[in-house]
Amino acid sequence: MSTLGVLTGGGDCPGLNALIRAVTVRAIELHSTPVVGILDGWRGLMEDRTRPLARDDVRGILARGGTVLGTSRQDPYVHGDGYDSLRPTIEAHGIEALVVAGGDGTLRTALRLYEEAGLPVIAVPKTIDNDIAATDVTFGFDTAMSIATDAVDRITTTAESHNRVMLVEVMGRTRGWIAAYSGIAGGADAILIPEHPYDLDEISRIIKTRHSGGHTYSVVVVAEGVDPPPGTELELPIDSFGFKRLGGVAYPIARELERLTGFEARVTVLGHLQRGGTPTAQDRVLATRFGIAAADLAAAGKFGTMVAARGTEMIPVPLAEACRDIRGVDSELYDVARTFFG
Ligand code: F6P
């Protein structure tokens, strides 16, 4: 192969630098393939902004959050002429394989470019949301879920002192993985996720029972993607992938819980804190393994595939399979969470 490209698209997540390092070192050391980093996701391919990646360029980045290549939500189909807007950069750099690390939006674009124009893509599932189908887990999730758990723990001690209902809103877009895991790990008294419709009368009964039983506080974890309470509406801007920019749904829910329970409610929206900072050891190792597998698949010419974590293995799956669905929290996990409500 003449050159391997690597691109990080969509929202950043902890572990991206571990991935870039692994792809680069494996391609250079094992496959004798030079690597070029594409800057700012698809935008770099559209504007021919790249940088060569040598072994020394990726030293010292393993534990750093974010992505040294930058990222964007620019899309060649939305903001350009599809593959035609990438072709000049691909040809100028002799890119014969492209590792694309992305979430839902980036991977769908990669699939379309592969199917319509034969772009030689190897995909890697990265997102704190953990919602990519065909893989057991995405990297970035472990760090986000750990940060959210730490927040729930901290909110709990201040809640205890004030006889309050505390709502912690976490990211995850249309899926409730971060909410479910951090809620279970933090011992939340209720967890609201988009996969399971919630009933505020039921939640307020849980809270009132807790407080009448002598507990002085309740902690509720709210996934940002749940619907606002009936009769309320959130005005949300649309991002450049066409997704709603979520955030703030916990505020109307808190107002409604105050009304129903009579207890004061407070909201903490964790936001981008969940994506920042150093990745956990788990995410560093996971991203490294994804990167090694992606470089090997590129060398083997297995294009149109995504690296998937299945059990203890890293295996290639058709990218089309991964893009067919958005993976949500199943009822078995939610039932584990519900067992501890109240
Ligand atoms: O998809 C990752 C994610 O962090 C979501 O959980 C969140 O809704 C979204 O990205 C935020 O996007 P942005 O950084 O563009 O505001």
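## Domain layout

In this predicted model, the domain assignment of the chain gives two parts, domain 1 (3-140 + 278-322) and domain 2 (142-274). The C-alpha centres of domain 1 and domain 2 are 33 Å apart, and where the domains meet, 21 residues of domain 1 are in contact with 15 residues of domain 2.

## Surroundings of the ligand

The ligand sits in the largest pocket, and the shell around the ligand draws at least three residues from each of domain 1 (3-140 + 278-322) and domain 2 (142-274). The residues that surround the ligand are Arg 73, Ile 128, Asp 129, Met 171, Gly 172, Arg 173, Glu 224, His 272 and Arg 275. By residue class, this shell divides into 5 charged, 2 polar and 2 nonpolar residues.

## Polar contacts and burial

For Glu 224, an N or O atom of the side chain is 2.5 Å from an oxygen atom of the ligand, while for Arg 275 a polar side-chain atom lies 2.9 Å from a ligand oxygen atom. In the case of Arg 173, the distance between an N or O atom of the side chain and an oxygen atom of the ligand is 3.3 Å. As for surface area, the ligand taken alone exposes 400 Å², and the protein buries 84% of that.

Terms used. Residues numbered from 1 in each chain as written. Predicted model: local features only at pLDDT ≥ 70, side-chain atom pairs only at ≥ 80, totals over all residues. Heavy atoms only, no water. Near = heavy atom within 4 Å. Polar contact = N/O pair within 3.5 Å; in protein donor to acceptor, adjacent residues only side chain to side chain. Areas by Shrake-Rupley, 256 points an atom, 1.4 Å probe, with all protein chains shown as cover. 1 Å grid on protein atoms, 1.4 Å probe; cavity = no way out; pocket = protein on both sides within 12 Å on 5 of 7 lines; lining within 4 Å. Sits in = over half its atoms within 2 Å of the grid points. Nonpolar A, V, L, I, M, F, W, Y, C, P; charged D, E, K, R; others polar. Domains from an automatic or database assignment. Contact = heavy atoms within 4.5 Å.
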